[in-house]
Amino acid sequence: MNIAFFGVGNMGGPMAANLIQAGHTVRVFDLLPALVEAAVASGATAAASPREAVTGAEVVISMLPSAAAAQGLYLGDGAADAGILDAIDPAALIVDCSTIDAATSRALAARADELGRVLIDAPVSGGVGGARAGTLTFICGGPAEAVERARPLLETMGRNVFHAGDSGAGQTAKICNNMLLGILMAGTAEALQLGVDNGLDPAVLSAIMAESSGSNWALKVYNPWPGVMPEAPASHDYQGGFGVALMNKDLRLAQEAALRSCSTTPLGALAKSLYGFHAAAGGEGYDFSSIQRFYARGHEPSGQA
Ligand code: NAD
């Protein structure tokens, strides 16, 4: 298929590479030329503009950092820029994989519908490792038939494709998951720091908890203590992965949803506060597992497992 891909960052880059590996023709657009060059090196072609990217595309995929970016791309930012929706072939399927608020996803889908196009929200879970390995979980919102149309393509980038419900439901399910992830990562870092402060080896403690009732994804797949997992961002100065800024965005989205629905989410609120402090104290540019540093309180996790 001819695919237009917007946003080839930490996630979009490997997702586009997997589409190319599967034999699709992928034309990319990103604001950062270095990332476009990297995508071209893996077999993509570069588009000079967003409108050029969608010309002749049968599927349009976006993997952008924020609602403002998704809105700007699809709807434009006013009279000067009309966005790309009307330039997309009406027969094409539009899949927005960005994590954004459900209301914006619904607004994008509604505007697409007015213009005779179909847009689904399909935020992902599984991290950069999942994007590289093609094992992401896609959490879709929109008409069932559009999700089914997208399924074969999504399965080239992921292992699970869920239909959460109508437009925006994918985003709602995604922020529930990521609120839980933020809580679990903070809890895991807290437990590891307590163990190390009391003389335990973090690798030994991790192995014990991974087989005990405290086991969770953050501990087993994405361990926040440097050196416990050679592949995890913690073992690479917390570079790459899922940025603190993105986790803060998701925790904010979760709290906004909770306010609207009058839901009680004290742990989500506390996690948002912790990551907010961490960002303000210099953690902003690092992977979210660097919350471990917040707990170190002046005794940096040693780099030794
Ligand atoms: P990233 O910042 O690495 O990549 C986003 C890319 O989008 C950047 O390269 C940026 O230049 C580009 N971009 C921004 N505006 C654009 C526009 N108008 N047109 C084209 N490109 C544009 O972010 P990421 O880590 O790849 O995350 C992308 C999305 O996936 C976010 O919504 C994030 O919340 C979500 N997500 C990330 C992870 C993760 O582990 N990193 C996991 C699940 C979901």
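Partly exposed residues have a relative accessible area between the buried limit of 20% and the exposed limit of 50%. The views below come from a predicted model.

**View 1. L246 sits in helix α11.** The helix covers residues 244-261. L246 has a relative accessible area of 30%, so the residue counts as partly exposed. A92 is 154 residues away from L246 along the chain. The C-alpha atoms of L246 and A92 are 29 Å apart.

**View 2. W217 and Y222 form a stacked aromatic pair.** The model holds five aromatic pairs. In the pair of W217 and Y222, the ring centres lie 5.2 Å apart. W217 is partly exposed, at 34% relative accessible area. Y222 is buried, at 8%.

**View 3. F294 and Y295 form an edge-to-face pair.** Their ring centres are separated by 5.6 Å. The angle between the planes is 90°, which is over 60 degrees and therefore edge-to-face. F294 has 29% relative accessibility and counts as partly exposed. Y295 has 10% and counts as buried, because the value is under 20%.

**View 4. Ring pairs join four residues into a cluster.** The members are W217, Y222, F242 and F288.

**View 5. R293 lies over the face of Y286.** The distance to the ring centre of Y286 is 4.9 Å.

Conventions
Residues are numbered from 1 along each chain as its sequence is written. This is a predicted model: local features need pLDDT of at least 70, side-chain atom pairs count only at pLDDT 80 or more; totals for chains, interfaces and linings use all residues. Side-chain values use heavy atoms; hydrogens and water are left out. Helices (H or I, at least four residues) and strands (E, at least two) are DSSP runs, numbered from the N terminus. Buried means under 20% relative accessible area, exposed over 50%, partly exposed in between (1.4 Å probe, protein chains only). Rings of Phe, Tyr and Trp (its six-membered ring) pair if their centres lie within 6.5 Å; planes under 30 degrees apart count as stacked, over 60 as edge-to-face and the rest as tilted. A charge sits over a ring if NZ of Lys or CZ of Arg is within 6 Å of the ring centre and within 35 degrees of the ring normal.
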